[in-house]
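Here is a short briefing on one protein model. Please look over the sequence and the coordinates first.

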Amino acid sequence: NWPNEDAARRVLGKWSQMGPAVRSHVVDLLLQRDALTQTLLDDIVAGVVEPSAFDAARRQRLLSHPDQAIRDRAARVLGDRSVTSKPELLARFAPSLTLTGDAARGAALFEKTCAACHRLGEVGNAVGPDLRTLTDRARRALLTAVLDRNAAVESTYVSYLVETSAGDTFTGMIASETGSGVTLVGADGKPRDIPRRDIESMRSTGLSLMPNGLEKGLDAQAMADLLAFVIDAGPAPKQFPNNQPQVVTPGNDGSLHLSAAQAELYGPSIVFEQKYRNIGWWSKEQDHAVWRIDVHRAGAYQVEID
């Protein structure tokens, strides 16, 4: 921790000589104290520190700061980029649902944009939900999850703001909580143990740890690339004789018949039973079946399950 504002200003005086990792570390330290946060904002106004030094997570941390004065000033200095309505965002990126995505380009975008909190394969940190276990990998569902991350956030991944008796402020997801303290995991994936005796206050933000503004700098093609990578990185469906997943098209009457033979099957127990050509042993929470369908026209559909 910086001992005083003078020391912080001396460090910020070397800003132009710092690399990205050091800059991020300095910003995180300054954000722990309200007075030093104001010093940092002073240097942004003075042109010493570029606003681009604040990624989406650090920007959200400032814009949701418990101190109203800091929140207001940060919005003026950095610009509140979270004001775009969700319907407007979804409309802007709707073309990504029909564009052909490049998974290789998407992997690079994932590492740059998402890997701080999510892990796929050997890339990223396992802070947020495990993307390999997603049961709904449809493009529209994934796009909505990226652009409207607070719509259905699980309580496990809600961020908390903790203020200590020493005046430090920390934001992150509660990884563990005991009678003696809590462990917070920030958007950088690093755990921080905070003794309960040092906690002045702790409150839920009600928001996802996934920050607003991650889509900044992305166009529809880039989003299509990112979605392609996430979809392709998922587990392959289980393989059984006579189970041949394929896109289901409507019959002459417009109906869609979703047979077991056409389904993609995932999970530890679920199987395709040869005798009756049906799905069996569908008994675990992770078990699920996926049908990919081509709907030729909009309409109301009656669903019947046999």
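The notes below cover a helix, a core, salt bridges and a surface patch.

This is a predicted model: local features need pLDDT of at least 70, side-chain atom pairs count only at pLDDT 80 or more, and totals for chains, interfaces and linings use all residues. Residues are numbered from 1 along each chain as its sequence is written, and side-chain values use heavy atoms, with hydrogens and water left out.

**Helix α1**
- Helices (H or I, at least four residues) and strands (E, at least two) are DSSP runs, numbered from the N terminus.
- Buried means under 20% relative accessible area, exposed over 50%, and partly exposed in between (1.4 Å probe, protein chains only).
- In α1 (residues 5–12), the buried residues are A7, A8 and L12. They sit on the same side of α1, because their arc around the axis is only 135°, taken from the directions from the helix axis to the C-beta atoms.
- Exposed D6 and R10 are on the face turned away from that buried side.

**Nonpolar core**
- A nonpolar core is a set of buried Ala, Val, Leu, Ile, Met, Phe, Trp, Tyr and Cys residues joined through side-chain atoms within 4.5 Å.
- The largest one has 20 residues, and F93, F110, L143, L147 and M223 have the most contacts inside it.
- Two or more residues each come from α6 (86–93), α7 (103–113), α8 (139–147) and α9 (220–232). The largest share, 6 residues, belongs to α9.

**Salt bridges**
- A salt bridge puts a side-chain nitrogen of Lys or Arg within 4 Å of a carboxyl oxygen of Asp or Glu. The count is 10.
- D42 and R9 pair at 3.2 Å, N to O. D42 lies in α3 (residues 34–45) and R9 in α1, so the pair ties together parts 33 residues apart in sequence.
- R9 also bridges to D43, with the closest N and O atoms 3.5 Å apart. D43 is buried at 8% relative accessibility, while R9 is partly exposed at 35%.
- R9, D42, D43 and R73 are linked in a network of salt bridges.
- R105 and D225 form a salt bridge, their closest N and O atoms being 2.8 Å apart. R105 is in α7 and D225 in α9, so the pair ties together parts 120 residues apart in sequence.
- D225 is buried at 3% relative accessibility, whereas R105 is partly exposed at 43%.
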